[in-house]
Amino acid sequence: MGSKLTIPIFVFLTTCPALGASATPKTVLRDGFFLSGVDGKVTPSENKWSFELDSDITDDTAILKTGTSLQLLPSVTLEKLAADTKERSSTNYRLWARVTKYKDENFIFPIYFLPLSKVELPQPPKPEEPQQQQSKLTINEPNDRLAIPEEIIAKLSTRKILRTEQLRPPLELKQDSIIADRTGFLRDSGRDASFVLDALGRNVQQLSFKLLPCQVLELAQQKQAAAPDPIRFKIAAIVTKYKDHNYLLLQRATRIYSHQNFPR
């Protein structure tokens, strides 16, 4: 029998990063992450409002460093916050909010806030020099040029005094609401997207809402971009309002197949 030839094989092991591994930690929080009492500074810029973090924020996967500035999404709470900043000595706030994610960028949907500064009170007026006391007005005196009837004087003495605040209507409190299982279509694309509620063949006015950036919107837009015709979606969303414009923050968007029994 012939002798067997043994060939040594040398295996060299090298360390290399795993496929898809990131050399730097992620800086985008997951969609739906909740901020509970986070301190920061509110800043208006270019017709939008931003919130600058006073501390690091993490969702156990990604981390946002101190000083990171995130855009505040239009909402009822943002409108109240913008009005509150006009009365404060500084714009530092504690914020409760929901984080959204759209195309690798985070946004903040504010829900509640607390100011961290005092109300800026007007300066008291400077003391003025004492003026001579004006003579007391007399009514129906012998030398009075204008005589007032006694019945009018009686009404003036017993009339009820109304303050200006009593004449104003009570302040209407606004809040977000929820819609569920409503069908409609996406219109436009990107950050200018809107959702039009489906009338389902009825002769009624179609309502349109601007859509706020979030991961559900991004996925719905991807489905629409891959289809040749408009897709009908059934949605659940938060309804909010800012400067007389209605907005939707999508929570769920499910494609509906008409089976040719719905009009296009």
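Val42 has Phe51 in β2 as its bridge partner, in a predicted model whose local features need pLDDT of at least 70, whose side-chain atom pairs count only at pLDDT 80 or more, and whose totals for chains, interfaces and linings use all residues. Residues are numbered from 1 along each chain as its sequence is written, and side-chain values use heavy atoms, with hydrogens and water left out. Strands, like helices, are DSSP runs numbered from the N terminus, with at least two residues (E) for a strand and at least four (H or I) for a helix, and two strands pair if DSSP finds at least two bridges between them.

**Strand pairing and the barrel**

- Strand β1, residues 34-45, pairs with strand β2, residues 48-53, in the antiparallel sense over six bridges, and Pro44 stands opposite Trp49 in β2.
- β1 and β2 form a hairpin with two residues between them, and Glu46 in the turn has a positive phi of about 50°.
- β2 also runs antiparallel to β5, to which four bridges join it, and here Glu52 stands opposite Ser69 in β5.
- These strands belong to a closed barrel of five strands in the order β1-β2-β5-β7-β6, with mixed pairing; the twist averages 55° from one strand to the next.

**Helix α1 and Thr91**

- Helix α1, residues 76-85, lies across β1, β2, β5 (69-72), β6 (92-101) and β7 (106-115), and runs at about 55° to β7, where axes are lines fitted to C-alpha atoms, for helices over the stretch in contact, and angles run from 0 to 180 degrees between N-to-C directions.
- Thr91 is found in the loop between α1 and β6, and its side chain reaches the backbone oxygen of Val42 at 2.8 Å.
- Not counting residues up to four places away in sequence, Thr91 touches Gly40, Lys41, Val42 and Thr85, contact meaning heavy atoms within 4.5 Å.

**Whole chain and confidence**

- The chain has four helices and twelve strands, and buried residues make up 32% of its 264 residues, buried meaning under 20% relative accessible area with a 1.4 Å probe, protein chains only.
- Among the contacts in the chain with a separation of 6 or more, 58% are between residues 24 or more positions apart.
- The mean pLDDT of the chain is 79, and 65% of its residues reach 70 or more, pLDDT being the predictor's confidence in each residue, from 0 to 100.
- Over residues 10-22 the pLDDT is below 50, and this stretch has zero contacts in the model beyond near neighbours in sequence.
- Over residues 161-173 the pLDDT is below 50, and that stretch has two contacts beyond near neighbours in sequence.

How values were computed:
Polar contact = N/O pair within 3.5 Å; in protein donor to acceptor, adjacent residues only side chain to side chain. Buried < 20%, exposed > 50% of the residue type's maximum accessible area, 1.4 Å probe, protein only.
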